[in-house]
Amino acid sequence: MELAVDQPFDLAASLESGQAHRWRREGEWFTGVIQGSFVKIRQASFSAQGSARDVVEFRSEPWPEAALLPRLQAYFRLDDDLNAVYQEICQDLRVAEMVGRYPGLRLLRQEPWECLIAYICSANNNIPRIHQMVEKLAESFGSPITLDGLVRHTFPTPQRLAQVSEGELRQLGLGFRARYIAPAAQAVADGSLDLAALAHAPYEEAKAPLMECPGIGPKIADCVLVFSLEKLEAFPIDVWVRRALGEWYFPGQKTPPDRVLLEWARQHFGRYAGYSQQYLFHGRRLER
DNA sequence: TTCTGCCCTTGGCA
DNA sequence: ATGCCAAGGGCAG
């Protein structure tokens, strides 16, 4: 089935920019799991009557493609007017340069629960290994789904992960992050952390309850907020972004502490700061 | 109160 | 090969 796109859209850049952790590239196809469905998707360009046309096609199981279509539109945030976003964030010339380099890189609207656990796993870690940890959690505690003879697994429920011991998670290679999983899972499972409600709360009011979980500080909270809870003003500051901000905006000075940097960035980049951050992060990371 | 330095797991990467 | 580093957070001092 086909996904109609009338927006700037670069599938590969969006899926490989380090936001989401369950996508694998198989040639021109990407495979992943969204909302409990195994999805296979590609972006191909065909030239018809001299004008190039981009086609995004996908398959899914067990959800029929027609049912998955609106979920994919939401996942890729096709409801964001990216050109309007560009008009705002390109007021900053560094961001404008990255937008010019990676047009169509989109923020993804991920599932909050999975996003929460994935970013707990991201602490002091590198992207390939985060992918590996999330995949191992799915393989170990999720349910299998088959598509075209390939098997992937759903991401486990909060109830399931709340039962898993720290030792088991350490054996999966989670390291010191293993002890943070069960408390977060328990909070979500018993309703004391209501992720769906946080999507409707203002930024600060959504951030505080996230940070009450052990293992979640300001950076990870901002990741969960921008990648799954509709807070496009959130601005996660990791080592790459900290270096970039220090070098570009505070040259010759000691880089301010993260708390100060965050306030500066939210003021400087505005309501779409999260998009600015993603472009800065992606551009900076690919420079190496 | 705020800042600094250190520790934590493990594998990717040069 | 062997050390540095990674979409950080918690803690002591």
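Of the atoms of DNA strand C within 4 Å of the protein, what percentage belongs to sugar or phosphate? The share is 57%, and the rest belong to bases. The model is predicted, so that local features need pLDDT of at least 70 and side-chain atom pairs count only at pLDDT 80 or more, whereas totals for chains, interfaces and linings use all residues. Residues are numbered from 1 along each chain as its sequence is written, chains are lettered from A and ligands numbered from 1 in the order in which they are written, and side-chain values use heavy atoms, with hydrogens and water left out.

DNA strand C is surrounded by 27 residues, of which the closest are Gly18, Asn125, Trp240, Arg243 and Gln277. A residue is counted as near a strand if one of its heavy atoms lies within 4 Å of it. By class, this surface has 13 nonpolar, 11 polar and three charged residues; Ala, Val, Leu, Ile, Met, Phe, Trp, Tyr, Cys and Pro count as nonpolar, Asp, Glu, Lys and Arg as charged, and the others, Gly among them, as polar. Polar contacts are pairs of N or O atoms within 3.5 Å; within protein, one atom must be able to donate a hydrogen and the other to accept it, and residues adjacent in sequence count only if both atoms are side-chain atoms. Polar backbone atoms approach phosphate oxygens of DNA strand C at serine 122, at 3.4 Å, and at isoleucine 127, at 3.0 Å. At glutamine 278, a polar side-chain atom lies 2.8 Å from a base nitrogen of DNA strand C. The elements that give two or more residues to this surface are α12, α13 (239-249) and α15 (273-286), and α12 gives the most, with four residues. Helices (H or I, at least four residues) and strands (E, at least two) are DSSP runs, numbered from the N terminus.

Around DNA strand B stand Asn124, Asn126, Arg129, Gln132, Arg170, Gly175, Phe176, Arg177 and Lys254. Sugar and phosphate make up 64% of the atoms of DNA strand B that come within 4 Å of the protein. The surface near DNA strand B comprises one nonpolar, four polar and four charged residues. An N or O atom in the side chain of asparagine 124 is 2.5 Å from a base oxygen of DNA strand B, and one in the side chain of arginine 129 is 2.6 Å from a base oxygen. For arginine 170, a side-chain N or O atom is 2.5 Å from a phosphate oxygen of DNA strand B.

Within the protein, helix α11 (residues 203-211) has Tyr203, Ala206, Lys207 and Leu210 as its buried residues, where buried means under 20% relative accessible area, exposed over 50%, and partly exposed in between (1.4 Å probe, protein chains only). Seen down the axis of α11, these residues fall within an arc of 100°, so they line one face of the helix; the arc is that of the directions from the helix axis to the C-beta atoms. Their cover includes α5 (112-120), α10 (195-198), α12 (218-228) and α14 (258-269).

Serine 276, in helix α15, is buried, with a relative accessible area of 0%. Residues up to four places away in sequence aside, serine 276 touches Ile89, Val95 and Phe269, contact meaning heavy atoms within 4.5 Å.
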